[in-house]
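Here are my notes for you to read alongside the model. Have it open and follow along point by point.

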Amino acid sequence: MDEVIISRAIIESFNKDLLDALSVDVAIAGAGPSGLICAYYLAKQGFKVAIFERQLRVGGGLPGGGMMFNRIVIQEEAKGIMEEFDINIKKYKDDLYVADSLETISTMCSKTIKQGVKIFNLINVEDVVIRKDKITGLVLNWSAVSWSKLHVDPLAIKSKAVVDATGHDTEVCKIVERKIGPKLKTETGKIMGEKSMWVEVGEGQIVANTKEVYPGLVVCGMAANAVLGSPRMGAIFGGMFISGRKAAEVVKGIIKRK
Ligand code: 48H
């Protein structure tokens with residue numbers, strides 16, 4: 001055993017994946033539940049997908065369950081996705097099921113990676129690449145650079161489609177609104193803003209809200225409701241999963257259109 005060999009193994013292996021991710025079919029910002037599910041269904045259909053996650057860990061708001069009780073609730077419509085991932089669910093009442101949030105996120109992450117998705121954590125999406133009126137990639141920097149506010153220029157990757165799966169923050173859409181102007185496909189062209197909790201409406205509207213909001217840019221999960229002005233829904237996650245799966249279909253349409 002040799003320290004330098006260990007270092008070389010890590011650097012070479014990581015660099016190979018990062019170099020390969022410079023040009024992908026789909027670049028996803030955020031490795032929360034909606035981003036993971038979207039990536040999984042795209043990779044399952046043969047697309048080359050990379051996710052960039054600014055935190056150390058994946059999962060976004062899912063592992064924390066509801067108010068740190070590490071359980072999530074899902075509804076009947078999302079049962080098929082839980083079955084696809086082979087995650088245990090327990091019927092609670094009517095069409096509602098309970099799952100362990102740690103089993104859910106670890107299984108989703110594992111199966112998404114095994115499907116061929118590359119997840120790069122500790123990397124912050126700080127801008128988009130634009131060609132005429134179309135998003136064609138992401139601008140990336142180490143999270144440590146942005147957290148410590150260092151003046152270090154970023155690097156960029158190219159993709160056929162970009163997915164904003166950054167949750168409540170709607171980070172990619174915010175960048176587009178700020179830098180390109182009010183041209184998002186919403187009522188005002190701007191981010192409409194997330195509304196207060198109303199589970200039925202929030203879960204009801206999330207699928208319709210999952211769409212291409214600017215050429216080459218799809219919004220999914222909590223970001224979809226925040227951009228399109230729908231309510232939050234608390235610790236029920238079925239809508240996030242179904243939105244991720246729909247985002248994969250929308251992305252497929254964008255790539256086919258080319
Ligand atoms: C790289 C970034 C950046 C960036 C953010 O918040 P998430 O879990 O998002 P969803 O939509 O998959 O799930 C939402 C759900 O967790 C939730 O919050 C619910 C259901 N709330 C209801 C309620 O009432 O509150 O994950 C987003 C991920 C996170 O891991 C972020 O760290 C990451 O995106 N992220 N990654 N570059 N600029 N911004």
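1. The largest nonpolar core has 48 residues, and Ile 28, Val 49, Val 163 and Phe 241 touch the most other members. A core here is a set of buried Ala, Val, Leu, Ile, Met, Phe, Trp, Tyr and Cys residues joined through side-chain atoms within 4.5 Å, with buried meaning under 20% relative accessible area, exposed over 50% and partly exposed in between (1.4 Å probe, protein chains only). Helix 9 (residues 238–257) gives this core its largest share, nine residues; helices (H or I, at least four residues) and strands (E, at least two) are DSSP runs, numbered from the N terminus.

2. A word on the source: this is a predicted model, where local features need pLDDT of at least 70, side-chain atom pairs count only at pLDDT 80 or more, and totals for chains, interfaces and linings use all residues. Residues are numbered from 1 along each chain as its sequence is written, and side-chain values use heavy atoms, with hydrogens and water left out.

3. What does Ile 28 touch? Leaving aside residues up to four places away in sequence, its contacts (heavy atoms within 4.5 Å) include Val 49, Ile 51, Phe 52 and Val 163.

4. Now Leu 122, which sits in the loop between strand 6 (118–121) and strand 7. Leu 122 counts as partly exposed because its relative accessibility is 31%. Beyond residues up to four places away in sequence, Leu 122 touches Trp 142 and Trp 147, among others. Its C-alpha atom is separated by 20 Å from that of Lys 174, 52 residues apart along the chain.
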